Amino acid sequence: MGAAEMLDTLSPVETPEGIELGLRLAGPLPRMLAWLIDAIIRFAMLYGLALGLSLLGTFGVGMLLLTGFFLEWLYPVAFEMLMDGQTIGKRALGVRVLCDDATPVTLSASVLRNLLRAVDFMPLFYGLGVAVMLSNGAFQRLGDLAAGTLVVYVDRPRGRDTLPSAPPLAPPVALTAEEQQALIAFAERLRELSPERAQELAALAGPLGPGGAPPTPERLVRFANWLAGSP
Amino acid sequence: MKQNLFRSRHEQTWETLEAVLAKDAPEALRTRFPRLYRQVCQHLAVARTRLYSGRLIQRLEHLVLAGHQRLYGSARQHRGRLAGFFARDFPVAVRREWRLVLLSALVFYLPLTAMLVAPQIDPDMVYTVLDADMVHDIESMYEPGEARIGESRGADSDVLMFAFYAYHNTGIGFRAFAGGLLFGVGALFSLAFNGLFIGAVAGHLVRIGYGGTFWPFVAGHSALELTAVVLCGAGGLRLGLALLAPGRYSRRHALRRAASRAVPIVGGAAAMFFLAAFVEGFWSSMAFVPAPLKYAVGLALWTLVTVYFLFQGRSHGH
């Protein structure tokens, strides 16, 4: 296991095709923030309705109680089913609920994880839920454990996967596969790095510059183009 | 093979898969999906072993994850499932847990009966469960001669009472279920406490001679409401038991198996709570309906509930 895997909160899921997919788990903090956003939305909805329904007398109060019931227990279920495992708060934080085999959350799993909130909430403000989350490897609260669900970041492909074009140049020494991969990755990320940071990183490559000097970023991009097989 | 050659050779396939995964993909494309998906899976495996760059692998991973979710995600049709649930799944799930339902019923009805009897022997026993204010409130709700029973408001409050019962009772049921996760203790406590509470109310009202208004009031919705409490408790006990005695499974695995058995029970019980609240709000509170008719309806509902859970859905096999 490399250092990256030990530091990262990637949860591996093997598909039937024998492909291992890494799900990026969301920890307690983003989930609390998502919950907070949802709580504010729910409170605002209830408050707005209370203003409107109070004109209708006891009938209105009755409707308010029913709405309160649905907001308390079924708001997350409804959103998780209709919005690909995301409530409004989860969408704002870029996380979503998945089954632990990386498939979309099912109705029964969503109902379960949201009913069991009542226990996770104990004794105060998700004390038990957070304790359980931190004690297993996948940040699952009790409801998640029972339902077999994970809360993960929605992975968006970042940036273009093409290299900046430069005339290919063969590296002066033979490079291992990992070194080659690192060079290409550096070239792909170059557009997002500040020039100073690019210099710093390029210097780490060792004596790949002319005459054993540290290489410039431009030179590394030329190596990368050669390694990737650019014409 | 160099990365760029690999990319240019397969770029077309990846873009086609992206198009297929788009929400409004044409039918003709969708039939090609499984084959395309497996091709891209293979590309990802190749790209990883050849240590192609992170960006390329990320892009393929993203495609494969989306494809995986499309291919293996539950594409279940929800239409018609609701009828099937009440015709088969719900009663079957309850029968499957008959032992726990029985245990849950005992933990609920024994304290209930005890507190029903206790005030007849010693009138002060009611104060072991209820405080003086509550006793006073309950007495005023069931005072004989009121136009509406079980509440102290006018007729337009039927909706309010329905909503209150639905909100309050279903919440109790859900919490009893969730409490089962605390090694069953929460569910047991909830069952026993609610049993004591209901028993104390009934026992006290009977002792002071309000039975004539109380029994007809509760007759109608009792079957649905009390059974739903017992079922939620049983669902909670199922979770607790999985943690206490996981058998040959790990506790995590046992819990998941238990949960999938308990969910239909609790879902069905929630529907029963709503039905009970409906009966309680709109039927039970009608004071002008003669008591014998209320008892008859109550008896009919008890029979219906019993027959439903004993026999419904048996013909469908396992």
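Residues are numbered from 1 along each chain as its sequence is written, and chains are lettered from A in the order in which they are written. Because the model is predicted, local features need pLDDT of at least 70 and side-chain atom pairs count only at pLDDT 80 or more, whereas totals for chains, interfaces and linings use all residues.

Chain A has 12 helices and four strands, where helices (H or I, at least four residues) and strands (E, at least two) are DSSP runs numbered from the N terminus. Its C-alpha trace spans about 85 × 35 × 30 Å along the principal axes. Of the 231 residues of chain A, 34% count as buried, a residue being buried if 20 or more other C-beta atoms, placed from the backbone, lie within 10 Å of its own.

Strand 1 (residues 10–14) and strand 2 (residues 20–24) of chain A pair in the antiparallel sense over five bridges, pairing being assigned if DSSP finds at least two bridges between two strands. Within this pair, Ser11(A) stands opposite Leu23(A) in strand 2 of chain A. The hairpin has five residues between the strands, and Gly18(A) takes a positive phi near 80° in it.

Helix 10 (residues 177–189) of chain A has 13 residues and reaches 18 Å from its first C-alpha to its last, close to the 18 Å expected, the expected span being 1.5 Å times one less than the number of residues. Its buried residues include Leu183(A), Ile184(A) and Phe186(A), and also Gln180(A) and Glu188(A). The buried residues of helix 10 of chain A pack against helix 11 (195–203) and helix 12 (217–228) of chain A, together with helix 1 and helix 4 of chain B.

The contact between the chains takes 45 residues from chain A and 51 residues from chain B, two residues being in contact if their C-beta atoms, placed from the backbone, lie within 7 Å. On the side of chain B that touches chain A, the largest share, 13 residues, comes from helix 8 of chain B. In chain B, the domain assignment, automatic or from a database, gives domain 1 (3–72) and domain 2 (85–316), and 54 Å separate their centres, taken over C-alpha atoms.

Notes. Buried ≥ 20, exposed ≤ 12 C-beta atoms within 10 Å, placed from the backbone.
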